[in-house]
Amino acid sequence: MKDIVVIGAGKIGSTIARMLAHSGDYRVTVADRSEEQLAGIESHAAVSTKVVDIADAAAMKALLSGKFAVLSAAPYHLTVAIAEAAAAAGVHYLDLTEDVESTRQVKRIAENARTAFIPQCGLAPGFISIVANDLASRFDTLESVRMRVGALPQYPSNALNYNLTWSTDGVINEYIEPCEAIVESALIEVPALEEREEFSLDGVTYEAFNTSGGLGTLCETLEGKVRTLNYKTIRYPGHAAIMKALLNDLGLRHRRDVLKDIFENALPTTTQDVVIIFVTVSGRKGGRLIQETYANKVYSAPVAGALHSAIQITTAGSICAVLDMLADGTLRAEGFVRQEEIALDAFLANRFGHHYAQEQHGARAA
């Protein structure tokens, strides 16, 4: 059994701990500064908890000493401190951050590391890059790569058509920070919440718009190889307009703490959600212009005997699958590892990656 530390005892951190513990191959220590959060962690012989202040470098190094890996399910602004602690302790590092600048700093930390640093191991960024790179690899030359992902309530019941299913800090950050894209073969930054589009899938109409971080490192990987590359978040129609009013007209982009408080006290959470993954790649094969699309819907389901939301299953399943492949030698165990280095077939064959298997959800690959 390998000893793992999970930082963050929230919805995703607790799901990661549950998945790993029930696999029988990992002993997990869940660390958080909140005793209340830790009290909600499922009691299991392979799970222990520890109150730790991430800002305390000495305490973090002691916590990580002798462990195989640390998995960060903490808010994005704690990413760098955890990565630095992993480097100091000489353990493998994985995270779920969508924050572009944090990932750049993790990459710098990884330059002299003797262990693996694998950021952005969630759904988007994460699995979406694995899918997009797999589709792109089938073409002789690329024209466009368009990635769309959304975690939505199955039964929307408010003006935002949205329920909290994931990190509030992460959602707000995605809606505010600049977004990377490749436009006419040039890597540029575009504003969040812009370039709105509508599309239908299985008879349901959705909107999609720019959000930050979803591309992970794919812009760097495909720069010079593709004319158009972009990522957009999927929501039900009307969401973007309200968010732009809150952030821009009411100035809440400069008062993130106020917006977070509003969201967490006004928007209920739900386990009745659906994760939509929609990737379209076009390019040339044998001189012909071809398009290929991956479309998938993942719903909430029982995992290890307890119901989990779709975003919990997909996010925790992704990072657990990457950890599993690191542990069994499938992935490179030193330096900075990009999500697009992971083979889609190997990911889906993994016991944790199998949560994305389309036959389980009645989904389709077009």
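**Pockets, cavities and a helix pair**

Mentor: Helix H5 (100–110) and strand E8 (179–183) each give at least two residues to the lining of the second largest pocket, where helices (H or I, at least four residues) and strands (E, at least two) are DSSP runs numbered from the N terminus. This is a predicted model, in which local features need pLDDT of at least 70, side-chain atom pairs count only at pLDDT 80 or more, and totals for chains, interfaces and linings use all residues. Residues are numbered from 1 along each chain as its sequence is written, and side-chain values use heavy atoms, with hydrogens and water left out.

Trainee: What separates a pocket from a cavity?

Mentor: Rolling a probe the size of a water molecule over the atoms shows where empty space is left. On a 1 Å grid over the protein atoms alone, a cavity is a set of points where a 1.4 Å probe fits but cannot get out, whereas a pocket is an open set with protein on both sides within 12 Å along at least five of seven lines; lining residues have an atom within 4 Å of a point. Grid points are joined across faces, edges and corners, and a volume is the space filled by probe spheres set on the points. The second largest pocket holds about 210 Å³, and H5 contributes the most to its lining, with 4 residues.

Trainee: How many residues line the largest pocket, and which lie nearest its centre?

Mentor: The largest pocket, with a volume of about 1,100 Å³, is lined by 45 residues, of which Gly10, Gln37, Ala73, Ala74 and Pro75 lie nearest the centre. Helix H1 (11–23) provides the largest share of that lining, 6 residues.

Trainee: Which residues lie nearest the centre of the largest cavity?

Mentor: Leu123, Ala124, Trp166, Glu174 and Ile311 do, out of 18 lining residues, and the volume of this cavity is about 240 Å³. Helix H7 (168–176) is among the elements that each supply at least two residues of its lining.

Trainee: At what angle do the axes of H7 and H10 cross?

Mentor: Two packed helices are described by the angle between their axes and the distance between the axes. The axes of H7 and helix H10 (residues 256–266) come within 10 Å and cross at roughly 125°, the axes being lines fitted to C-alpha atoms over the stretch in contact, with angles from 0 to 180 degrees between N-to-C directions. That makes H7 oblique to H10, because angles under 35 degrees count as roughly parallel, over 145 as roughly antiparallel, 65 to 115 as roughly perpendicular and the rest as oblique.
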